[in-house]
Amino acid sequence: MKKKVALHNLGCKVNAYEVEAMQQLLEQAGYEIVPFEPGADVYVINTCTVTNIADRKSRQMLHKAKKMNPDAVVVATGCYVQTDEGKLEKDEAVDLVLGNNQKKNIVEVLSEYEEEHQRQSHIIKINQTREYEELEISRTAEHVRAYIKVQDGCNQFCTYCIIPYARGRVRSRRKEEVVEEVKTLAGNGCKEVVLTGIHLSSYGIDHGSTLQELILAVHEVAGVERIRLGSLEPGIITEDFVKTLSALPKFCPHFHLSLQSGCDATLKRMNRRYTSGEYYEKCILIRKYFKHPALTTDVIVGFPGETEEEFAITRDFLNKVDFYETHIFQYSRRKGTKAAVMENQVPSDVAHRRSAILIADGKVRKQRFEEKISETVTKVLFEESVTIDGKVYASGHTMEYIRMLMETTENLDNQILLVKAGKERCQDCLLCTKARF
């Protein structure tokens, strides 16, 4: 009888990719993949450590797995494993500990455990390795869109961030291997690929390549009709980079350009290595070559030392750039980072208030951006059918990653169609299509 394994992911798109890759390795080895519910023989939890809350959620999920089946093998993998200083090795809920750069060994480690039935830990000194962990997927759970990990590690050491200690230094995947994976995915029907990494802008610095070269290579793959990028740093936005991308028909004009603060004094405390003025120049450059690009970003409010004046500067800057979407995070104190011991920690109620203000501002900007495409014809990649208030819609995204709905009972999954954007909006502020294709 096949062993049943359930997998659960916590954290980012890179983590999600790694879970899919481990799942496919386990399937190839004869395991049966089952939901993360009672009844599995093996539970694999890919943990996150970006905040103290993420650490707690990781521990809770590991203990939940053991409670669902006390006789099951519970495997802890990922970033929390890498930074917990050996605590999980003493946790009775955990049978196997698998650090970063060790996930490719999941099948062998489980086989060894089955023979010896002894708790094991497989963790390397992640900051001392230059090896890129080779993982790949041949299909994706979304069927339509595939997130492809092409880079790991980070050399930036922002003062609020623990990730360089969990993921190590920058390591990049070979361009040829990425292209082969994309070809496989395209052959299995995937129309859109999203290139992701821990610090995507650093792709290739360890082996003399560049992200631009990788994008150009992926663009040549037949069957792939859209290329999207994960989060970028402002430094990668040069005239040559943007001009090159603007000439690629498959490239999606959706730039998630990490900001964190619009105030120079705050950026300096964060060790972000650019000024708000430099960042703004990058946004102007993107808009020079793309007619209506979607600019999105992340912002941390309540960073240590952030005054009301500094917050106001950030708020004004967000409106000046006029982002399509802003993802607002309240600063979370993370043990092991420089920011955790900084003076003038901002009270949580203050951070919450500031967060609410920026979220409200963001909704206004988002609606204004979406209104600009009203009554225009645009391409939508449809992904799924959804039911809202008793009506059935085909749901998909434009190249700018605006979600669109079209009322129809037809199955339009994985089709790219020209539609006319309407002015009506549904619940959750979704922009709907009015006309047929």
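Predicted model: local features only at pLDDT ≥ 70, side-chain atom pairs only at ≥ 80, totals over all residues.
I started with arginine 56, which has 41% relative accessibility and so counts as partly exposed (buried means under 20% relative accessible area, exposed over 50%, partly exposed in between, with a 1.4 Å probe and protein chains only). Residues are numbered from 1 along each chain as its sequence is written, and side-chain values use heavy atoms, with hydrogens and water left out.

I found arginine 56 in helix α2, residues 52-68 (helices are DSSP runs of H or I with at least four residues, strands runs of E with at least two, numbered from the N terminus).

Which residues gather with Arg56 in a patch of positive charge on the surface? I noted Lys57, Arg59, Lys87 and Lys335. Patch members have over 30% relative accessible area and no salt bridge, and like charges are joined within 9 Å. The place of a charge is NZ for Lys and CZ for Arg.

**Salt bridges**

Next I looked up the salt bridges, and the structure holds 29 (a side-chain nitrogen of Lys or Arg within 4 Å of a carboxyl oxygen of Asp or Glu).

I picked out glutamate 18 and arginine 167, whose side chains meet at 2.8 Å, N to O. Glutamate 18 sits in helix α1 (residues 13-28) and arginine 167 in helix α5 (residues 163-167), so this pair ties together parts 149 residues apart in sequence. Buried or exposed, I wondered about glutamate 18 and arginine 167? Both are buried. They also belong to a network of salt bridges that links Glu18, Lys103, Lys149, Asp152, Arg167 and Arg171.

**Two pairs in loops**

I then checked lysine 104 and glutamate 131, which form a salt bridge at 3.8 Å, N to O. Lysine 104 is in the loop between β5 (96-98) and α4 (106-116), and glutamate 131 in the loop between β6 (120-122) and β7 (145-152), 27 residues apart. Lysine 104 is partly exposed at 25% relative accessibility, and glutamate 131 is partly exposed at 41%.

My last pair was arginine 173 with glutamate 134, a salt bridge at 3.7 Å, N to O. Arginine 173 lies in the loop between β8 (171-172) and α6 (175-187) and glutamate 134 in the loop between β6 and β7, so the pair ties together parts 39 residues apart in sequence. Arginine 173 is buried, at 1% relative accessibility, whereas glutamate 134 is partly exposed, at 36% relative accessible area.

Conventions:
Patch = residues over 30% accessible without salt bridge, like charges linked within 9 Å, V, L, I, M, F, W, Y side chains within 5 Å. Areas by Shrake-Rupley, 256 points an atom, 1.4 Å probe, with all protein chains shown as cover. Lys, Arg positive; Asp, Glu negative; His and termini not counted.
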